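Colleague: I'd like to learn how to read a model like this one. Could you walk me through it, feature by feature?

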Amino acid sequence: LEREAFEVRFEQAVTEDGHRVEVAANLGNTAHAEDAVERGAEGVGLLRTEFIFMAHPEAPDLDTQIAEYRRAFDALGDRPLVARTLDVGGDKPLDYWPVPPEDNPFLGLRGIRLALTRPEVLETQIRALLMAAESRPLRIMFPMVKDVEEFHAAKAIFDRVQAEVAAPDVQLGVMIEVPSCALLAPSLAEHVDFFSIGTNDLTQYTLAIDRGHSRLSAQADGLHPAVLALIRMTVAAAHARGRWVGVCGELGSDPQAIPVLTGLGVDELSVSSRQVPLVKQRIRRLSLDRSRALAERVLTLSTAAEVRALLEEELT
Ligand code: PEP
Ligand code: MG
């Protein structure tokens, strides 16, 4: 399958019954954008910009960031780039941005909460993204948003910058990583252009299991029916408003999850570059109708083990 997949990697991923799912790449380094395109990625679905910040001894200035982002855009041609604004705190400390010690860093100052304590950093980053994009398709999303209030605080900064920097093809979205956002997706969808589901964190916060826990992390399974129910709510709310939904967590490249996510109506999967050809090929072998029926059945189950057992039976 892998060899066959590689040969047709530049073709779209369309199911047997004609339903297209976009397959994009997750990147932590803009120098890898060319490689992503070479592997058939239809865009970048998650640029983890914090890795660009971590690679510098101090916060990269406007020009340094423009050069970084431009590198990705130049490699992508007219393919879209989804950039996540700085997502530090929790498991990702930044030396030059110390956070006071916290008992529960994953429940503390991280993601957009932390970024909003230094709005000038967020503003410079957004300015650099808009300037690097020029007229190319840029999607900006905010990490770890818990509700519309946080989204609006971040959007206010975006609006300020956008009034000064012309970039005609920009969309604004939020990552769905905190269960509150999935639960309130119908109202959130009024305000955003898209959602991108970060299943790594969404699973952690839904099941209350530290995603890196040495003994428990194996139980942090994104195919848990509780997580899938939140994904279903998110997609339904987005589509009711004409918004698109991606999945950029690791679940997107899990062979058992691909039919379920397709059946739930996810529009885009963003996976590591290496996985792009295979994920596309797996989608081509599905039917949307059968995947929908499968997703329905899976959602009636009670545990991740039951879901995996059913999928094992149905997909082999
Ligand atoms: C996620 O949480 O699923 C995600 C894509 O973000 P990260 O893994 O970088 O926290
Ligand atoms: Mg995350």
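**Reading the model**

Modeller: Let's start at the ligand: L46, R48, E177, G198, T199, N200, D201, C248 and G249 surround ligand 1, where a residue is near a molecule if its C-beta atom, placed from the backbone, lies within 6 Å of it. Two elements each give two or more residues to that shell, β2 (44-48) and α10 (199-207). Elements here are DSSP runs numbered from the N terminus, with helices being H or I of at least four residues and strands E of at least two. This is a predicted model, in which local features need pLDDT of at least 70 and side-chain atom pairs count only at pLDDT 80 or more, while totals for chains, interfaces and linings use all residues. Residues are numbered from 1 along each chain as its sequence is written, and chains are lettered from A and ligands numbered from 1 in the order in which they are written.

Colleague: Which element gives the largest share of the shell around ligand 1?

Modeller: That's α10, with 3 residues. By class, the shell has 2 nonpolar, 4 polar and 3 charged residues. Nonpolar covers Ala, Val, Leu, Ile, Met, Phe, Trp, Tyr, Cys and Pro, charged covers Asp, Glu, Lys and Arg, and the others, Gly among them, are polar.

Colleague: How do I read a helix pair, and at roughly what angle do α4 and α6 cross?

Modeller: Axes are lines fitted to C-alpha atoms, for helices over the stretch in contact, and the angle between N-to-C directions runs from 0 to 180 degrees. Under 35 degrees is roughly parallel, over 145 roughly antiparallel, 65 to 115 roughly perpendicular, and the rest oblique. Here the axes of α4 (residues 62-76) and α6 (residues 119-133) come within 8 Å and cross at roughly 45 degrees, so α4 is oblique to α6. The crossing is right-handed; that label applies if the near helix is turned clockwise from the far one by less than a right angle, and left-handed if anticlockwise.

Colleague: And which residues of α4 and α6 meet?

Modeller: From α4 come L62, Q65, I66, Y69, R70 and F73, and they meet T124, Q125, R127, A128, L129, M131, A132 and A133 in α6. Contact means C-beta atoms, placed from the backbone, within 7 Å. This contact has 9 nonpolar, 3 polar and 2 charged residues.

Colleague: What about α6 and α7: how do their axes cross?

Modeller: They come within 9 Å and cross at roughly 50 degrees, which means α6 is oblique to α7. This crossing is right-handed. On the α6 side, the contact uses P119, L122, E123, I126, R127 and L130, and on the α7 side A154, I157, F158, R160, V161 and Q162. The classes are 8 nonpolar, 1 polar and 3 charged.

Colleague: Is E134 buried, exposed or partly exposed, and where does the count come from?

Modeller: You count other C-beta atoms, placed from the backbone, within 10 Å: 20 or more is buried, 12 or fewer exposed, and in between partly exposed. E134 has 14 such neighbours, so it counts as partly exposed. E134 sits in the loop between α6 and β4 (138-142), and has a positive phi of about 50 degrees although it is not a glycine.

Colleague: Where is M144 found?

Modeller: In the loop between β4 and α7 (148-162). M144 has a positive phi of about 65 degrees without being a glycine, and counts as buried because it has 24 C-beta neighbours inside 10 Å.

Methods. Contact = placed C-beta atoms within 7 Å.
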